[in-house]
Amino acid sequence: MAIASPDFRELRLDRVSRNFGALNVLKEISLTVRRGEFIALLGPSGCGKSTALNCIAGLLSLSDGEIWLDDRRVDTLKPEERGFGMVFQKYALFPHMNVRRNVGFGLQMHGVAKAARERRVDEALSVVRLGAQSAKLPGQLSGGQQQRVAIARAIAVEPPLVLMDEPLSNLDAKLRLEMRAEIRRIHRLLGSATIYVTHDQDEALSLADRIVVLRDGEVRQIGTPQELYQRPLHADVAEFMGFRNALAGKIVGRSGDDVEVDCGVTGRVSGKALEASAGTDVLVAIRPSDLVPMSDGPILGKVTAMEYRGEAYYGTIASDGGQELFFRADQPIALGEAVKLGAPADRVLVYAGKRDRV
Amino acid sequence: MPESGIVSEPASPLARPRRRSLAERGFDGVTLLVLPAALFVLLLFVYPFLYGLALSFAPKTGDWLANYTRFFADPYMYRTIWLTLRLALPVTVLNIALSVPIAMQVRHMRHQRLLTTILVLPITLGTVLVAEGLLNYLGPHGWFNRTLVSIGLIDRPIRLVQNYWGVFLSLIVTGFPFAFLLTLSMISGIDPALEQAAATLGGRAHQRFRRIVLPLIIPGLAVIFCLAFVDAFSVFPSAVMIGAPAAETRVISLAASQAAFEQYDYSYASAIAMIMAAVQFGFVAAVLGIRGLLYRGPAGGGKG
């Protein structure tokens, strides 16, 4: 493979902030991305993840903070001087240029001679497996093909850093899985660093080496997919990582890392609850797949919905505490029937804090 | 024609196939709504045009082509084509050349509404008022010349009215807003992500304009050119009021008007009007022909 990212060690974001008027969309984001790493910026819409990407690309200026590429400060440079590759959500292919000219555009702008340009366009197109379509206009391609062209265009200039802004959100489910594998393959092939913005936790888990969870413009947690999936640091991160059930309560007893909560559940303390003792207000987070009917289950309620999802049934109960909770069952349960639900202690996370926005 | 989704049940089963095939071709009750407009065009445009065309081939004296041979034999007459083109072409080109860079700057502005409102004013004032205003403002005793004299830039007033430049400027004043507003709406229609993509790929501002924006707006600019050119080519009030109608701004519409209302030769006036139409049509056809060779697809960045 001739396309290789130029040497660089790391990209460093140092307390990067961005305001829109009085609104702080990004609050002192600090992050170091190393060569070869795949970083996912994950968060709900409005969390500032796209703003962060645009700040790195230079499409938005910073309100405060600095961005460094090794020893070079880049946040003061214009986007055309940074040399990062970017893949846009809606592809942003040049509609009047055919695939070849789209992919070759960056090389042309960088003054690469025609012969070398042609060769590198061929390479980029073969990386995304689109050689046969090179004479077509973007309008004649399918969504998946357009996305491949957009990726080829971004990598043809051999950038140290590839930025992707929800590149798969416009594709259908099957194509999304296919392109996910493609993006992983291309990232490995190039060895450059990738920063990938998404609101889809599955995408982030499957692609990233490290995930940065953003909320309200702040970094909530940075970690490997495993860390984030198993040990979210905060209740809101847990909710975003699939812990859909959140119960409020007080600690009544503790042995080691296991605490008993007055709602009857025993779980493992996490995040800031590590030092918590009896009487502390806590939030208990449980994944629907871990909450199952059991004869001595502490959570009581009546089934209000049931749906079949192939590997199991998933249902909803209105708990006796007046809350809607989601659970898994191997057998369907009739609507209105009373059930007892429970979860193994090592699958239950307990966070210090009261219910505010969950 | 828009197809209406609701088709009333046909009265008899026999009527069904015929009804459906008409509806499939886009004819239904809604189609009738086009009739008033069609009638209007027919009565007020097509009929007068054909009448004028016929009239132009029925001269007062001579054979059926006499009006046309008379026009092209008389330098005083055929030179009006050149005099009109000499005004209309530079004015149109300049209006568009000014519109594009200004629209590029204005499209991201926050108070765009205010600017567009100010620019619409000259259009609503009409050519007569603008010509009169310029006559005062640019005249030998107008503010413009007095200011230049008082700050010592010139010794005596420069002549900006009752000549070519007076008409030229008035056509800029009335024609620019028109070209600008059309250009602005077209440039605003280009997906900003295209330029952002070009920037991340290393394209500098002038390269982004030349390689991305310009190719996408040129087909639209061609249409704007045609509209603005036809508008400028039929210049009449300002050519009379602020120009030199006996000499350098004796435009073709003036020649036609004189033939009709001073010499009462409607046939000859019709012939001049036909020649005027032919020249306009020639330019429009040429411009649109060239446009046909260019990319004319959507200016968006994909399926979005």
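Good morning. I begin with a kink of about 35° at B:Gly175 in helix α8(B), shortly before the proline B:Pro177; the bend at a residue is the angle between axes fitted to the seven residues ending there and the seven starting there. The model is predicted: local features need pLDDT of at least 70, side-chain atom pairs count only at pLDDT 80 or more, and totals for chains, interfaces and linings use all residues. Residues are numbered from 1 along each chain as its sequence is written, while chains are lettered from A and ligands numbered from 1 in the order in which they are written.

Helix α8 of chain B covers residues 164–188 and spans 35 Å between its first and last C-alpha, close to the expected 36 Å, a figure given by 1.5 Å times one less than its number of residues. Chain B has 13 helices and zero strands; helices (H or I, at least four residues) and strands (E, at least two) are DSSP runs, numbered from the N terminus. The C-alpha atoms of chain B fill a box of roughly 85 × 70 × 35 Å along the principal axes.

I turn now to chain A. Four strands form an open sheet there, in the order β2-β1-β4-β5 with antiparallel pairing; two strands pair if DSSP finds at least two bridges between them. Strands β2 (23–34) and β5 (72–73) of chain A each have a single partner strand, so one side of each lacks a neighbour in the sheet. Strand β1 (residues 10–20) of chain A pairs with β2(A) over eight bridges, in the antiparallel sense. Within chain A, A:Arg12 stands opposite A:Thr32 in β2(A).
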